[in-house]
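Q: I am new to this structure. Please take me through a single part of it, step by step.

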Amino acid sequence: MDRIRAMQIFSRVVESHSFAGAAKSLSIPRSTVSRTIQDLEALLGASLLQRTTRTLSLTPGGSLYYDHCLRVLNEVEAVEARFSTHANQPRGKLRIDMTASFARQIVLPAIAQFQARYPEIDVVLTLGDRTVDLIQEGVDCVVRSGVPENSALLVARKVGSFEWLVCASPGYLAKNGRPQSLEDLQQHQLIEFHSGRSGRSVDWRFIVDGEERTIAVRGKLAVNDTDAYLACGLEGLGLIRIADYLAAPHLRAGRLVQVLEQYAGPAVPLSVIYPQSRHLSSTVRAFVGWMGDLLREVGRRT
């Protein structure tokens with residue numbers, strides 16, 4: 001038996017809470033996972049998992065063995081990274097999830113640079129804004145904005161930040177006037193954006209005299225897609241509040257005009273989030289570093 005491979009499979013079963021989830025995340029047949037666990041239990045002479053039709057849990061011996069597996073696997077990768085002739089060439093499949101607007105505007109125009117720098121990494125990119133179960137779904141990391149929820153199971157590496165800008169089309173402003181204060185927003189059409197994670201309308205937050213002020217957005221039109229939200233602004237349907245990196249090309253082209261510039265909002269962090277139970281793999285480490293470089297370059301351009 002390949003002991004290291006068996007430990008990897010067992011650890012993934014524990015993290016995924018199922019044989020099927022482990023098989024999916026490792027891209028191997030479910031029968032291989034089942035057979036490996038059976039062989040491992042036979043070798044150790046102990047039951048590692050308690051199985052029912054609906055649940056999968058660790059036995060006391062399984063919990064002890066899992067803790068040792070994590071330490072051994074971490075040490076093995078550390079040693080390999082130190083001595084491998086390919087230590088500076090991360091390789092393998094990297095599964096990343098991020099919002100579609102961020103991917104289209106920031107990542108995809110530059111992804112060829114990442115591939116040129118790391119030719120041995122195969123990228124699988126999924127797009128969305130929902131909450132992702134990284135372990136269950138076999139995702140290595142996600143890119144998310146805002147302050148990550150506290151979790152003992154996740155690690156968030158900040159790679160950059162952005163600011164919100166209130167914008168409208170020149171046509172909308174010519175017809176409805178330019179708001180001069182936050183109070184003026186009551187006289188304007190505000191486009192609602194519904195979060196894909198919460199399903200609720202996203203409030204607008206500003207810093208006024210050192211304190212945060214919240215504007216509840218209640219408009220006649222609401223969307224839950226960033227591209228559609230941006231299109232509402234470009235079509236002159238109302239005021240929108242979008243990330244500076246999304247607004248920048250339209251501001252430069254004159255398709256949008258920023259308003260209420262005197263009211264800054266709190267900076268929004270961008271983070272790469274990955275499971276705590278997995279040490280920072282060389283592929284995720286490479287992506288985190290590249291994202292930091294990319295966002296600094298984007299910041300200089302905007």
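Which residue in β12 is the bridge partner of V166? Please look closely at the sheet around that pair.

A: V166 has R241 as its bridge partner in β12. The model is predicted. Start with the two strands joined here. Strand β7 covers residues 164-168. A set of 4 bridges links β7 to β12, and the two strands run antiparallel. In general, strands of a sheet pair through backbone hydrogen bonds, in either a parallel or an antiparallel way.

Now widen the view to the sheet. It is open and has 3 strands, in the order β12-β7-β13. The pairing is antiparallel. β12 spans 240-243 and β13 spans 257-259, and both stand at the edges. Each has a single partner strand, so one side of each lacks a neighbour in the sheet. On average, neighbouring strands of this sheet are turned by 55° against each other, direction ignored.

Next come the helices that lie across these strands. Helix α9 is made of residues 226-234. It lies across β7 and β12. Against β12, α9 runs at about 130°. Helix α10 takes in residues 244-253. It lies across β7, β12 and β13. The angle of α10 to β12 is about 105°.

Back to the pair itself. V166 and its bridge partner R241 belong to a sheet in which β7 sits between β12 and β13 in the strand order. β12 has both α9 and α10 lying across it.

How values were computed. Residues numbered from 1 in each chain as written. Predicted model: local features only at pLDDT ≥ 70, side-chain atom pairs only at ≥ 80, totals over all residues. Heavy atoms only, no water. Pairing = 2+ DSSP bridges. Axes fitted to C-alpha atoms, helices over the stretch in contact; angles between N-to-C directions. Contact = heavy atoms within 4.5 Å.
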